[in-house]
8 protein chains.
Amino acid sequence: MKLSTLACLVSGAFASFASADAVPWERLSQNDSVLLILDLQVGLYQLARDFDPTLYHNNMIAHAALGQLFDIPVVMTTSAQQGPNGPLPGIITDMYPDAPLIQRQGEVNAWDNAEFREAIRATGKKQVIVAGITTDVCTAFLALSLRAEGYSVWANVEASGTTTGLIRDTANARMQAAGVQLVSLFSIVCDLMRDWRSPPGAAAVIPWLDRYFPVYGELARGHGAAVLNGTIIPGEDVLVEGM
Amino acid sequence: MKLSTLACLVSGAFASFASADAVPWERLSQNDSVLLILDLQVGLYQLARDFDPTLYHNNMIAHAALGQLFDIPVVMTTSAQQGPNGPLPGIITDMYPDAPLIQRQGEVNAWDNAEFREAIRATGKKQVIVAGITTDVCTAFLALSLRAEGYSVWANVEASGTTTGLIRDTANARMQAAGVQLVSLFSIVCDLMRDWRSPPGAAAVIPWLDRYFPVYGELARGHGAAVLNGTIIPGEDVLVEGM
Amino acid sequence: MKLSTLACLVSGAFASFASADAVPWERLSQNDSVLLILDLQVGLYQLARDFDPTLYHNNMIAHAALGQLFDIPVVMTTSAQQGPNGPLPGIITDMYPDAPLIQRQGEVNAWDNAEFREAIRATGKKQVIVAGITTDVCTAFLALSLRAEGYSVWANVEASGTTTGLIRDTANARMQAAGVQLVSLFSIVCDLMRDWRSPPGAAAVIPWLDRYFPVYGELARGHGAAVLNGTIIPGEDVLVEGM
Amino acid sequence: MKLSTLACLVSGAFASFASADAVPWERLSQNDSVLLILDLQVGLYQLARDFDPTLYHNNMIAHAALGQLFDIPVVMTTSAQQGPNGPLPGIITDMYPDAPLIQRQGEVNAWDNAEFREAIRATGKKQVIVAGITTDVCTAFLALSLRAEGYSVWANVEASGTTTGLIRDTANARMQAAGVQLVSLFSIVCDLMRDWRSPPGAAAVIPWLDRYFPVYGELARGHGAAVLNGTIIPGEDVLVEGM
Amino acid sequence: MKLSTLACLVSGAFASFASADAVPWERLSQNDSVLLILDLQVGLYQLARDFDPTLYHNNMIAHAALGQLFDIPVVMTTSAQQGPNGPLPGIITDMYPDAPLIQRQGEVNAWDNAEFREAIRATGKKQVIVAGITTDVCTAFLALSLRAEGYSVWANVEASGTTTGLIRDTANARMQAAGVQLVSLFSIVCDLMRDWRSPPGAAAVIPWLDRYFPVYGELARGHGAAVLNGTIIPGEDVLVEGM
Amino acid sequence: MKLSTLACLVSGAFASFASADAVPWERLSQNDSVLLILDLQVGLYQLARDFDPTLYHNNMIAHAALGQLFDIPVVMTTSAQQGPNGPLPGIITDMYPDAPLIQRQGEVNAWDNAEFREAIRATGKKQVIVAGITTDVCTAFLALSLRAEGYSVWANVEASGTTTGLIRDTANARMQAAGVQLVSLFSIVCDLMRDWRSPPGAAAVIPWLDRYFPVYGELARGHGAAVLNGTIIPGEDVLVEGM
Amino acid sequence: MKLSTLACLVSGAFASFASADAVPWERLSQNDSVLLILDLQVGLYQLARDFDPTLYHNNMIAHAALGQLFDIPVVMTTSAQQGPNGPLPGIITDMYPDAPLIQRQGEVNAWDNAEFREAIRATGKKQVIVAGITTDVCTAFLALSLRAEGYSVWANVEASGTTTGLIRDTANARMQAAGVQLVSLFSIVCDLMRDWRSPPGAAAVIPWLDRYFPVYGELARGHGAAVLNGTIIPGEDVLVEGM
Amino acid sequence: MKLSTLACLVSGAFASFASADAVPWERLSQNDSVLLILDLQVGLYQLARDFDPTLYHNNMIAHAALGQLFDIPVVMTTSAQQGPNGPLPGIITDMYPDAPLIQRQGEVNAWDNAEFREAIRATGKKQVIVAGITTDVCTAFLALSLRAEGYSVWANVEASGTTTGLIRDTANARMQAAGVQLVSLFSIVCDLMRDWRSPPGAAAVIPWLDRYFPVYGELARGHGAAVLNGTIIPGEDVLVEGM
């Protein structure tokens with residue numbers, strides 16, 4: 001190899017780097033992902049004030065249910081659950097009776113707990129989908145640690161909660177600056193599904209959306225009712241004639 | 001009639017008054033209403049900052065179009081239109097080539113202008129639907145004057161505009177405290193229509209909604225498409241089976 | 001009776017009126033109330049944009065479920081349900097297979113429909129709890145008509161929906177000015193229940209809250225876990241020693 | 001008395017009534033007021049989501065401290081405090097070791113509890129200052145009951161909390177429509193104090209503001225520092241020369 | 001007069017009352033109004049947090065300048081101005097070297113100060129335009145007292161300030177419930193002016209608006225520039241051809 | 001080549017890199033751009049809740065109309081359009097009867113569809129302007145894929161819609177982190193036009209703005225009216241004399 | 001130079017690069033900066049809807065006044081000023097009678113105009129401070145072009161305006177991603193001043209702040225008044241004794 | 001070392017760099033951090049308008065108290081404290097009687113002051129935790145300078161304040177683009193603590209949270225009360241049986 005080649009390589013690298021993306025596109029794969037349920041505990045739930053409490057409750061259960069829908073491994077962990085933070089809701093633990101649930105007794109950052117690290121590694125997956133309470137502490141510390149370890153991380157921004165909108169936005173921006181993909185619940189579902197015709201397929205996904213993302217559920221319900229029993233009403237005929 | 005009867009009447013009246021409503025229900029009638037287009041001028045439009053400017057533009061044109069849809073008399077007026085306030089948009093004046101357009105040369109409150117008062121009276125209507133710029137000046141002053149004259153007034157809160165949300169809310173509250181009915185565009189349409197089967201009927205109203213209230217237009221379009229060509233997709237069947 | 005007595009009565013009445021409340025306190029009674037499910041249709045649901053769509057969905061189902069929880073009569077009605085508005089969600093109609101469901105074919109205001117009026121009257125109740133889509137049309141027109149007929153009306157502000165927050169606030173204020181009581185879901189529950197020890201009692205109400213008002217459900221879950229398995233952690237002892 | 005006099009009286013009364021105020025001005029009196037601490041319990045605190053949780057915590061403690069500052073009687077009550085609602089914070093109960101604390105075992109509306117009613121009546125006061133959790137249930141039900149009983153009521157809008165801003169605003173409007181005075185913490189302080197020179201006087205009020213209303217505390221601190229050690233800096237001289 | 005006439009009158013009065021307005025329309029008159037500058041002090045200014053501080057500063061100076069524009073009497077007052085509240089800004093006191101400036105030494109409510117009451121009465125006016133800091137204390141207490149004394153009151157909602165938006169809205173609603181007219185700066189100007197052709201006339205009002213309400217000033221400036229030097233650009237011709 | 005040159009190159013490269021921009025400036029070119037209309041379907045439209053529904057409707061039609069205005073190639077695609085997502089609105093398909101419309105039967109990410117990829121490649125353009133529903137799924141997945149393929153991408157942030165503002169902001173930030181240019185409708189128009197004197201020129205652009213960006217349309221209309229018929233009013237002369 | 005040194009340099013460079021900042025700190029220098037007044041025209045002003053119009057007016061004049069305060073060169077430019085965009089306000093052009101004012105006849109991006117480019121280059125400055133209307137078009141296009149040309153750019157986020165907050169935020173983020181420094185008015189003043197004791201010094205800066213940033217002006221005025229005439233009031237003494 | 005090795009290193013470095021994070025994860029260490037209290041002065045406090053003033057006051061005191069809680073060195077500085085900016089609150093200076101307090105007489109950027117630089121260097125720490133008023137000037141200038149000097153910087157976004165939310169967000173984004181870690185108060189506490197069982201431990205941290213982060217304090221208090229005296233209420237048993 002010659003020096004000129006090296007020089008070329010170097011400037012070529014720069015050239016391509018200059019146009020490279022800071023956080024490049026990466027797809028979630030059903031085969032290479034693991035779902036983390038991180039400190040979504042009944043006591044800590046009261047600290048999640050950046051969402052309406054009813055809405056946030058829906059979102060954290062929906063996050064947990066992603067593992068069942070796509071049949072991907074799940075790892076659960078809690079922080080000091082005999083204390084004020086409380087246990088995970090039974091509706092979540094009931095979903096995964098065989099998944100590991102690591103009860104941390106003091107470590108804030110789950111990655112500091114050897115049992116937890118081992119549970120993650122045991123899945124053999126490199127794509128981690130995570131939500132936790134609070135966003136700025138539990139989610140951010142773990143997501144940043146995972147990035148430092150070389151994992152790809154998808155933070156479900158709708159299922160992590162914290163005390164204020166400012167803190168939420170700041171914590172999310174901090175994770176993004178460290179290469180974390182910030183994603184919605186619906187985008188995780190669609191990214192894992194990829195095609196409405198592939199397993200688990202629309203027949204499984206639509207009922208799931210109906211429960212946790214009802215804006216789509218009602219759209220489908222309205223459509224189905226129209227196909228089965230709907231009649232064109234006066235005025236409507238004009239709207240659809242050109243379609 | 002005896003005094004005791006009177007006393008009874010009086011206290012009965014009081015009793016019923018005590019439970020009477022401050023601003024009682026009154027229905028809009030196609031036969032007894034007049035539409036006012038008040039200072040919706042192209043210059044003054046720039047002062048309407050309490051709505052997105054594109055949205056507000058839609059709303060003020062939609063307000064103007066109510067006269068055509070329901071075939072009710074229209075009165076237009078402008079304030080100093082050769083000056084910065086500018087004329088009404090051509091799209092509005094083109095709708096009503098035969099309606100009175102009173103060009104006020106100085107009066108802020110349209111009711112101070114004799115020609116305008118006469119135009120209102122000439123319609124013989126007692127229910128006035130109004131929108132103007134600005135809400136706190138043009139709309140409020142006229143609406144309050146009309147109330148003082150015994151008219152029933154419906155203020156279209158979506159088609160009056162002013163500089164800030166605080167001023168909008170304050171002006172609306174002031175009008176309501178004087179007995180003005182604060183209403184949306186959609187509620188005016190539905191109140192005047194009363195029944196989808198009566199004239200002008202759905203065949204006229206739905207295309208109007210499609211243009212000015214597209215959330216309903218697209219709902220109808222989606223429904224029509226489903227009836228004509230839609231197919232039940234997997235998963236959707238579960239949702240509709242119980243309906 | 002003497003005139004002076006009358007005069008006294010009159011001015012006394014005025015005096016007491018001057019300090020009377022515009023919308024006086026009235027309690028909901030399990031024995032005298034009826035629940036209205038008004039046009040909460042799967043198509044119209046898409047027009048309810050003043051709430052997060054997931055949150056609003058929870059609220060409208062929770063509203064419907066009040067009839068079951070308190071065993072009060074329910075009346076359902078829909079507007080042109082074969083058209084774009086769509087049917088009621090099956091989850092709602094399944095709750096009340098024996099309750100009247102009046103399918104209006106054109107009347108916007110449910111009170112214009114004789115069958116509906118008869119259904120309300122047949123319940124023999126004078127306190128009406130209502131939620132509908134849209135707030136400014138379906139809910140407001142009916143609530144105002146009911147007030148004019150002498151009914152007491154409780155509008156569930158969380159379970160009616162409309163296109164914008166401004167329209168919601170305006171419609172609610174209009175109802176209040178006509179004597180409608182504007183209430184939250186939680187206040188309806190607590191007003192009907194009155195005492196945690198009376199039927200249906202906490203044993204029925206808490207699971208209901210857990211499903212539809214999870215901020216209380218999780219509070220109870222955290223408390224129960226603490227009583228059963230909780231341990232005082234260091235630092236916490238200081239907080240509770242004075243309690 | 002003649003009929004014409006009566007007629008005159010009646011129409012005069014109407015005339016004056018027409019300009020009378022719906023909720024007339026009434027001043028708080030240190031001698032005639034009682035402070036209610038209503039269900040400000042450590043569990044229910046988690047339902048107060050319409051304020052930042054740190055800010056709301058300050059406000060509820062500040063509300064409680066009003067009794068000490070102005071030496072007015074205090075009545076405390078809790079709802080099912082052995083359950084999820086929890087006890088009052090020790091910092092509050094420590095303030096008033098001798099004040100009545102009525103532990104309701106089931107009644108939602110404190111006025112339904114005979115012991116509570118008796119405690120209020122025992123104070124002999126007619127002006128009630130109240131804050132509770134939640135605004136729409138505990139505060140509203142009691143405030144409305146008190147109005148119906150003829151009490152004057154001041155609802156501290158900063159120290160009652162509930163789940164959403166919409167519910168807060170709706171509950172406050174409902175109370176106002178029933179004649180409740182909606183007031184801020186600062187306005188309660190200033191209304192009770194009336195004059196900075198009267199007891200308890202500025203020397204007591206300013207330290208209280210410094211703790212609970214620090215925007216004033218820091219203003220005073222900055223002013224004091226300026227008087228003691230401040231120096232006019234260049235540029236500043238121009239600003240103050242005309243004052 | 002017969003009893004039946006009286007009965008008629010009474011029920012007629014009721015009938016008309018039932019449709020009477022709670023806060024009826026009243027016009028501001030240049031001849032019968034007085035402008036109050038209430039505690040708009042440089043220290044208290046720091047408590048006005050419900051507006052952007054630059055915007056609020058403009059508004060309070062604009063309020064003060066109304067007296068000059070319309071040549072109406074002005075009364076100024078301050079609260080403990082040697083303390084943290086500070087003096088009025090020199091720009092305000094310079095406007096009215098001959099107007100009374102009552103320095104209250106302790107009274108929170110200006111109406112409690114005899115010298116202030118006398119100053120108001122000395123003007124002989126019955127319409128009071130007021131703005132103060134804070135809205136919930138200084139403005140509200142005085143406005144409510146003035147109402148109780150039979151004055152008509154216009155509260156300039158843009159020139160009173162307080163610590164939060166919630167407190168602002170609550171205080172404004174409280175004043176409205178007591179019959180205070182809640183108005184914007186622009187509506188005060190337009191109400192006092194009535195006609196652009198009457199004194200002080202557009203030639204005085206437009207420069208005032210240019211300074212304090214620049215959205216109108218720039219509209220006028222743009223219009224003037226167009227008249228003087230503007231040229232129709234391609235595309236624009238289409239827009240104006242139908243006007 | 002010498003090593004010192006290499007060292008120089010390397011550090012020089014670093015130096016220039018250190019000041020290089022992460023997402024550098026790139027101009028849209030009428031000759032090298034293609035417009036994508038991505039899943040702007042009448043059913044999916046109901047999921048676009050981060051804008052007022054009337055405003056968003058305007059924006060999505062305006063996006064579609066860019067192809068006509070600048071005569072650039074258009075590619076349309078839909079997702080499962082016989083199902084709940086529905087077809088494209090007729091107003092859009094009518095604009096481009098000859099453009100490809102790829103009806104995907106299952107692929108969420110349009111780039112997964114070979115026919116779509118081919119349609120893009122067939123245009124031979126490297127600059128892609130895109131808007132879709134939902135922002136976080138349809139727009140983001142495709143935009144990120146296009147970036148990975150080396151395309152330059154302009155995401156029209158006003159014409160993509162999704163369920164919440166948080167999801168919108170997160171999805172936009174994610175696209176930006178991958179090098180997507182986030183742009184407004186107006187900036188796309190101005191970037192493609194470059195000079196008001198070049199084709200299509202102001203004569204075409206202004207009517208287009210008048211329809212879809214009326215804040216500019218009314219500005220032009222007001223200006224045109226002033227040039228044609230405006231008169232300087234008193235007071236206005238002062239404002240313009242120095243200009 | 002040895003290879004090992006090079007390797008060291010390279011990896012050292014990488015190491016330091018890995019921790020280098022994307023947009024590194026750069027200070028504004030009075031000697032190397034130029035102020036751009038970009039299309040702040042009286043017509044375009046009406047498009048600046050992301051700020052209160054009075055506040056924005058203050059900000060754009062304050063931006064223009066920075067050149068006078070710090071005696072730095074100013075370049076002005078307008079877009080089609082004989083058309084709807086209108087001229088610059090006279091108050092701005094009067095500030096800089098001798099500065100270049102480039103009237104572009106069609107170029108959207110000022111950098112496309114040779115005369116403008118020359119005017120910038122003629123100043124010999126490398127630090128450009130800019131504000132324009134609209135943020136997403138005029139400001140962004142020019143700022144991005146300047147970055148591409150190697151200039152350092154400070155965008156005054158308070159003095160550029162556009163139609164919506166979303167567009168503002170998006171345009172600002174786009175500029176930041178290209179290395180533009182996003183700054184406030186106050187930070188520009190403080191960065192150029194560096195030390196209150198250096199020219200122009202506090203004696204010039206404070207009166208400027210008093211006019212355009214009155215939150216500081218009133219702070220200084222209150223402080224000055226306290227030093228000159230203030231007295232410690234009871235209660236205040238406690239606050240300051242420890243200071 | 002061979003050239004090929006170097007080439008490998010270079011391209012490997014590039015490869016790894018391409019996937020490296022822009023702002024990588026770094027943990028706060030009790031042993032290597034210093035706390036800065038930057039211009040949190042009683043006068044400047046009045047400029048912090050992006051938070052509720054009571055909330056912000058809590059946050060700035062809480063920031064100052066971090067030094068005591070974790071026993072880390074503290075450096076304080078003020079800007080022109082004899083002028084309008086005022087001194088630090090006594091509650092802060094009382095916490096650290098022995099810490100350096102550098103009174104800058106003119107330098108805006110604390111890093112321009114040699115005494116301050118020396119004080120930082122004397123601590124020997126490389127991790128700097130900072131909060132100041134204003135965010136865009138004092139905090140940003142210093143944080144950016146520290147970054148340029150190679151320090152790691154944590155900006156406490158809850159304890160810096162400025163005049164508007166826009167300026168806050170812009171300044172924070174600017175700091176993040178320069179590699180500053182934007183963090184909440186709670187995340188600083190948890191990052192420094194790392195494990196609830198390590199010194200200072202839960203016994204010290206929980207009382208601190210109770211004072212400054214009461215949402216957690218009340219959670220702990222409610223939990224403790226439940227453990228000590230709580231009883232399972234009917235309905236609650238169902239919720240916890242599966243946990």
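Modeller: The expected span of a helix is 1.5 Å times one less than its number of residues. In this predicted model, helix 6 of chain F, residues 165-177, has 13 residues. From its first C-alpha to its last, helix 6 of chain F reaches 18 Å, close to the 18 Å expected.

Helix 6 of chain F is largely enclosed by the rest of the structure, because ten of its 13 residues are buried. Buried here means under 20% relative accessible area. The buried residues of the helix include F:Leu166, F:Ile167 and F:Met175, and also F:Arg168, F:Arg174, F:Asn172 and F:Gln176. Just after the helix, F:Gly179 takes a positive phi of about 90°.

As to the cysteines, a disulfide requires a pair of cysteine sulfur atoms within 2.5 Å. By this rule, zero disulfides are counted over all chains. The sulfur of A:Cys138 lies 7.1 Å from the closest cysteine sulfur, that of H:Cys190, which is too far for a bond. Likewise, C:Cys190 is in no disulfide, its nearest cysteine sulfur being that of D:Cys138, 7.1 Å away. A:Cys138 is buried, with a relative accessible area of 10%, and C:Cys190 is buried, with a value of 3%.

Finally, an unreviewed UniProt entry carries the annotation "domain: Isochorismatase-like" for residues 33-184 of chain A. The end C-alpha atoms of that span lie 16 Å apart, and the span is 39% helix and 20% strand.

Notes. Residues are numbered from 1 along each chain as its sequence is written. Chains are lettered from A and ligands numbered from 1 in the order in which they are written. This is a predicted model: local features need pLDDT of at least 70, side-chain atom pairs count only at pLDDT 80 or more; totals for chains, interfaces and linings use all residues. Side-chain values use heavy atoms; hydrogens and water are left out. Helices (H or I, at least four residues) and strands (E, at least two) are DSSP runs, numbered from the N terminus. Buried means under 20% relative accessible area, exposed over 50%, partly exposed in between (1.4 Å probe, protein chains only). UniProt positions are given in the numbering used here, feature names are shortened, and annotations may be inferred rather than shown by experiment.
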